[in-house]
Amino acid sequence: MRARAIFAAQLTFTLLVAAFLIVPAVQSMLAGVTANYFRGIRSGLTLQWVQQVWQLYADTILRSFVIALATLGVTLVVGVPAAYGLHLRGGRLSRVVEEIITLPLAIPGLAIALALLLTYGGLSSFRRSWLFIMVGHVVFTLPFMVRSVLAIFAATDVKTLDESAASLGASPLRRFRDVIVPNARPGILAGSLMVVTLSLGEFNLTWMLHTPLTKTLPVGLADSYASMRLEIASAYTLVFFVMIVPLLVAMQIFAGYRNDPAGRHQ
Amino acid sequence: MSGHGVALRVIDCGKTFADGTRALAPVALEVGRGETAVLLGPSGCGKTTLLRIIAGLETPDPGGRVLFGDTDVTGVPIERRNVGMVFQSYALFPNMNVADNIGYGLKIRGVGEAERKTRVAALVALTGIEGLERRRVDQLSGGQRQRVALARAVVVQPSVLLLDEPLTALDAALRERLRGELNRLLRKLGITTIYVTHDQAEAMALGDRIVVMRKGEIAQIGTPRAVYFAPANKFVAEFVGAANLIEAACNGATLVLPGGTLPVANGAIHGQAIAMIRPEAIAIVPAESASLVGLVDSVSFLGDRQRVLISAAAAKVMTADVPNAIALAVGDRVGLAVEPAAIRLLPGDAT
């Protein structure tokens with residue numbers, strides 16, 4: 001009897017907590033397809049707000065994806081060789097460099113943005129292009145790429161693999177391509193998904209760095225909350241969900257792929 | 001495919017690491033073409049550092065030089081030294097199958113696919129791993145990995161083959177079997193080989209010459225027989241095989257011991273000496289006719305022989321390996337006989 005009462009209490013508590021978290025999300029998405037939010041669902045369901053969002057903000061959505069992919073490109077080109085170098089060299093200097101790369105995580109995005117503006121704000125054509133935002137995103141996401149690749153390097157004794165490829169005559173570049181990158185693939189994949197999702201959702205930095213012509217998805221979202229009907233902002237959230245959920249699913253699939261040893265075979 | 005090796009010379013190569021630890025005092029070593037030299041010593045003796053200097057994975061301290069044949073390779077990175085190397089962990093590439101692992105060095109050298117296939121197949125046959133070519137490396141047993149690593153290292157016909165404890169990761173029975181295989185293979189290939197191990201049985205079985213190392217220095221270089229029968233000092237005597245090291249007074253012709261005397265043939269001196277006697281050089285004889293007598297402390301039957309500990313003969317308990325048929329009991333008074341030539345007097349200072 002007592003055990004059942006405890007179970008019931010636990011279940012109720014769990015459901016309440018779950019509802020506390022889920023209800024706002026559902027409510028927000030519902031608001032995006034409700035004809036008039038203040039009159040509630042009774043006013044009817046509509047896709048007109050979603051259409052309006054698309055008309056008003058399609059460019060921000062596209063731009064966000066361009067910036068996210070460009071950020072990914074830069075973090076791959078910079079981050080993977082950096083992790084390789086840091087791992088091979090080792091020692092105290094490498095740890096210090098690793099800490100410096102990680103530092104932007106501890107500094108508020110606004111401060112980083114301010115520093116970028118103070119330093120490069122004068123280069124007006126750079127300042128006005130989306131590349132300016134991308135630089136901010138690279139500073140913010142690079143540690144995630146470097147750390148996730150470093151973790152794989154530490155787990156696979158990549159140093160001996162590198163030495164063994166070298167003993168067979170492979171130049172550093174060849175070793176990197178043939179042995180290091182293929183064996184770091186799980187880490188590179190995990191880091192890539194992290195970088196893309198973080199870049200897509202980044203607001204702090206981007207809000208400071210953007211111009212009216214270089215809004216990204218989250219900045220557009222803030223803009224719509226501030227200046228549009230609540231239904232449009234909600235519809236925007238809905239669009240954001242639709243964009244981000246496939247990414248999270250992709251992440252899950254890749255995580256499964258990583259655990260499957262056949263996945264490492266070319 | 002024999003005779004691709006070159007003579008190897010190491011001149012004054014020392015290694016001091018950035019933190020000031022000296023891993024290797026400047027050492028000199030010459031290895032002939034096609035010869036197998038084994039670097040033997042306990043962990044931390046500098047044998048792996050010396051191997052890595054020869055490989056090109058470490059640079060020697062200034063003044064040190066490494067020569068392959070007549071070519072000074074001291075400043076040449078490992079990828080241009082044309083070495084073959086087998087690592088203790090084998091370091092097979094997990095992203096390639098067995099055949100691709102073995103063929104990687106050939107691919108780097110720009111060998112065409114047809115020739116590559118033939119040469120990989122030859123090594124697969126030579127190392128006895130037929131049928132595994134398409135396997136992933138994580139599907140191989142330890143012994144198979146060792147063979148793949150060896151095939152991968154020798155398929156490129158290296159000038160020098162370098163093996164870093166290639167059998168240590170295997171269990172004892174497999175180790176013994178692969179040691180025999182490796183020995184045949186090295187003789188057949190005739191490549192100049194440097195083999196690092198801490199296992200003296202491996203060193204004696206595989207080496208044309210053994211380089212015994214200790215605390216970053218070379219303690220002795222010699223053939224397995226020379227190192228075993230004529231160790232240069234106490235360390236070598238004890239590290240290579242079992243040894244009785246007896247401190248005793250020598251009167252020019254015999255050792256004077258608490259339990260009697262032993263005649264000495266070579267290098268007898270007047271004064272205190274350390275005599276080395278291998279356990280198998282001691283024979284049990286009737287006490288009445290012996291110049292040296294002792295008491296049986298314990299008898300361990302080992303199958304092919306028995307190990308007897310004898311007290312009262314020398315200041316320390318002596319170990320003797322005697323034929324398994326002799327009946328002995330604890331407390332027996334026995335005579336000990338040693339061929340004078342089997343007693344070696346060592347310099348007393350080296351500990």
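In what order do the strands of the open sheet in chain B stand? In this predicted model, the sheet has 4 strands in the order β2-β1-β4-β5, and their pairing is antiparallel. The edges of the sheet are taken by β2 (22–31) and β5 (71–72) of chain B. Each of these has a single partner strand, so one side of each is left without a neighbour in the sheet.

Strand β1 of chain B, residues 8–16, runs antiparallel to β2(B), and 6 bridges join the two. Within this pairing, L8(B) has V31(B) of β2(B) as its bridge partner. The sheet also carries a helix: α1 of chain B, residues 47–55, packs on it and touches β1, β2 and β4 (65–68) of chain B. The direction of α1(B) makes about 120° with that of β1(B).

Attention now turns to a place where chains A and B come together. Two packed helices are described by the angle between their axes and the distance between the axes. Here, helix α8 of chain A (residues 172–201) packs with helix α2 of chain B (residues 98–108) at an angle of about 155°, and their axes are 13 Å apart. Angles over 145 degrees count as roughly antiparallel, and α8(A) is therefore roughly antiparallel to α2(B). The crossing of α8(A) past α2(B) is right-handed. On the α8(A) side, the contact is made by R174(A), D178(A) and V179(A), while α2(B) contributes Y104(B), K107(B) and I108(B). Sorted by class, this contact of α8(A) with α2(B) has 3 nonpolar and 3 charged residues, with no polar ones.

How values were computed: Residues numbered from 1 in each chain as written. Chains lettered and ligands numbered in written order. Predicted model: local features only at pLDDT ≥ 70, side-chain atom pairs only at ≥ 80, totals over all residues. Heavy atoms only, no water. Pairing = 2+ DSSP bridges. Contact = heavy atoms within 4.5 Å. Axes fitted to C-alpha atoms, helices over the stretch in contact; angles between N-to-C directions. Parallel < 35°, antiparallel > 145°, perpendicular 65-115°, else oblique. Left-handed = near helix turned anticlockwise from the far one by under 90°. Nonpolar A, V, L, I, M, F, W, Y, C, P; charged D, E, K, R; others polar.
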